[in-house]
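Please open the model in a viewer and keep the sequence panel at hand.

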Amino acid sequence: MMNLKPEVVAQLERVLGSVEMLLPKAVKPVDWSACYAANWRRHSFSGYLEPVKVTDNTTLGELLGVEEQKQIMINNTRQFLAGLPANNALLWGSRGTGKSSLVKALLNEYAPKGLRVIQVEKEDLIYLSEIFSAVENEPYRFILLCDDLTFEVGELSYKMLKSALDGSVYSAPENVLIYVTSNRRHLLPEYEGDHLGGKYVKGELQQSEAMEEKVSLSDRFGLWVAFHVFSQDRYLDAVRLCIEREARKRQVEIPWTREVQQEAIQWSHDKSKRCGRTAFQFSKNYVGRYLLK
């Protein structure tokens, strides 16, 4: 065997150590029969699916104020599970109005029927083809969820998602749908100047090139599902439901009084928002104070 100088051996060990850090992590395939959700975890030049435990037990019946949105997504998801035509969906609108909660509730409802969720961060959309390859032969139906997604013009992940939705070589396999939640309807920031440059063609106003590009991604979603702030009555219904759920978990009774309603309304004024998230946050604060007494 060749005799190497000690300093050469030390250099080789450092090089091999560095190369080992770049290699994909050795992980077991996800056992989808026991795991309902996973995250894509980036590692060096690639990544892997990491099982996650579903801790959010929100049910479809607990989502108030979004009946129309809920029915649209239930129908689409049931079509998908039945192997029928279904659409990728963009859930957009005001923050805290139940977009992400609806997707989690769909998983809780339909996981026993084969629904699974893979959550992917914006930066990892460049690995879409690898994610698709990892699940395309599995006997389950997968929702690829990009939560709270927004882009800036020119981002690579924007182009990858656009290609996947467009049915290019990166298109999703038959057992994968893409659900995206965002505060922006077109996923990109809009500026006043974007609307300049429009022109009339045969009596109809055509959008400017800037706006055409900005709507080109959202146009590729078959479903646009809008979420708006709650009315005061809907907000109070949500607060009452949240308080009842917290009380039920602790096997106590907490009365619903006019004073509680006034506190909840003041809380929403302080937050400048009537939505499910505000109702949930108030309920935790109120129940905690009530039980501490």
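The helix axes referred to on this tour are lines fitted to C-alpha atoms over the stretch in contact, and the angles between them run from 0 to 180 degrees between N-to-C directions. The model itself is predicted.

**The whole chain**

Of its 293 residues, 40% count as buried. The exposed surface comes to about 17200 Å², of which carbon and sulfur atoms supply 50%. Among contacts with a separation of 6 or more, 74% join residues 24 or more positions apart.

**Helix 7 against helix 8**

Two packed helices are described by the angle between their axes and the distance between the axes. Select residues 232–249, which form helix 7, together with residues 258–271, which form helix 8; their axes come within 10 Å and cross at roughly 115°. Angles of 65 to 115 degrees count as roughly perpendicular, and helix 7 is therefore roughly perpendicular to helix 8. The crossing of this pair is right-handed.

Now display the side chains at the contact. Helix 7 contributes Gln232, Tyr235, Leu236, Val239 and Ile243, while helix 8 contributes Val260, Gln261, Ala264, Ile265, Trp267 and Ser268. Eight of these contact residues are nonpolar, three are polar and none is charged.

**The loop between them**

Next, select Gln251, in the loop that joins helix 7 to helix 8. Most residues other than glycine have a negative phi. In Gln251, however, phi is positive, near 55°. Is Gln251 buried or exposed? Its relative accessibility is 75%, so Gln251 counts as exposed.

**Helix 7 against helix 9**

On the helix 7 side, show Tyr235, Ala238, Val239, Cys242, Ile243, Arg245 and Glu246; they meet Thr278, Ala279, Phe280, Phe282, Ser283, Lys284, Tyr286 and Val287 of helix 9. This contact divides into ten nonpolar, two polar and three charged residues. Tyr235, Val239 and Ile243 of helix 7 take part in the contact with helix 8 and also in the contact with helix 9.

Ser272 is another residue other than glycine with a positive phi, near 60°. With a relative accessible area of 61%, Ser272 is exposed.

**Helix 5**

Move to residues 156–165. Seven of the ten residues of this helix, helix 5, are buried, so it is largely enclosed by the rest of the structure. To view them, select Ser157, Tyr158, Met160, Leu161, Lys162, Ala164 and Leu165. Gly167 follows helix 5 and has a positive phi, near 80°.

**Leu90 in strand 3**

The last stop is Leu90, in strand 3, residues 89–93. Its relative accessibility is 0%, so Leu90 counts as buried. Which residues does Leu90 contact, leaving aside its neighbours within four places in sequence? They are Val180, Ser182, Arg185, Leu187, Ser218, Phe221, Leu223, Trp224 and Val225. To finish, draw a C-alpha to C-alpha distance from Leu90 to Arg185: the two lie 95 residues apart in sequence and 8.0 Å apart in space.

Definitions and conventions. Residues are numbered from 1 along each chain as its sequence is written. This is a predicted model: local features need pLDDT of at least 70, side-chain atom pairs count only at pLDDT 80 or more; totals for chains, interfaces and linings use all residues. Side-chain values use heavy atoms; hydrogens and water are left out. Helices (H or I, at least four residues) and strands (E, at least two) are DSSP runs, numbered from the N terminus. Angles under 35 degrees count as roughly parallel, over 145 as roughly antiparallel, 65 to 115 as roughly perpendicular and the rest as oblique. A crossing is left-handed if the near helix is turned anticlockwise from the far one by less than a right angle, and right-handed if clockwise. Contact means heavy atoms within 4.5 Å. Ala, Val, Leu, Ile, Met, Phe, Trp, Tyr, Cys and Pro count as nonpolar, Asp, Glu, Lys and Arg as charged, and the others, Gly among them, as polar. Buried means under 20% relative accessible area, exposed over 50%, partly exposed in between (1.4 Å probe, protein chains only). Accessible areas come from the Shrake-Rupley method with a 1.4 Å probe; for residues, only the protein chains shown count as cover.
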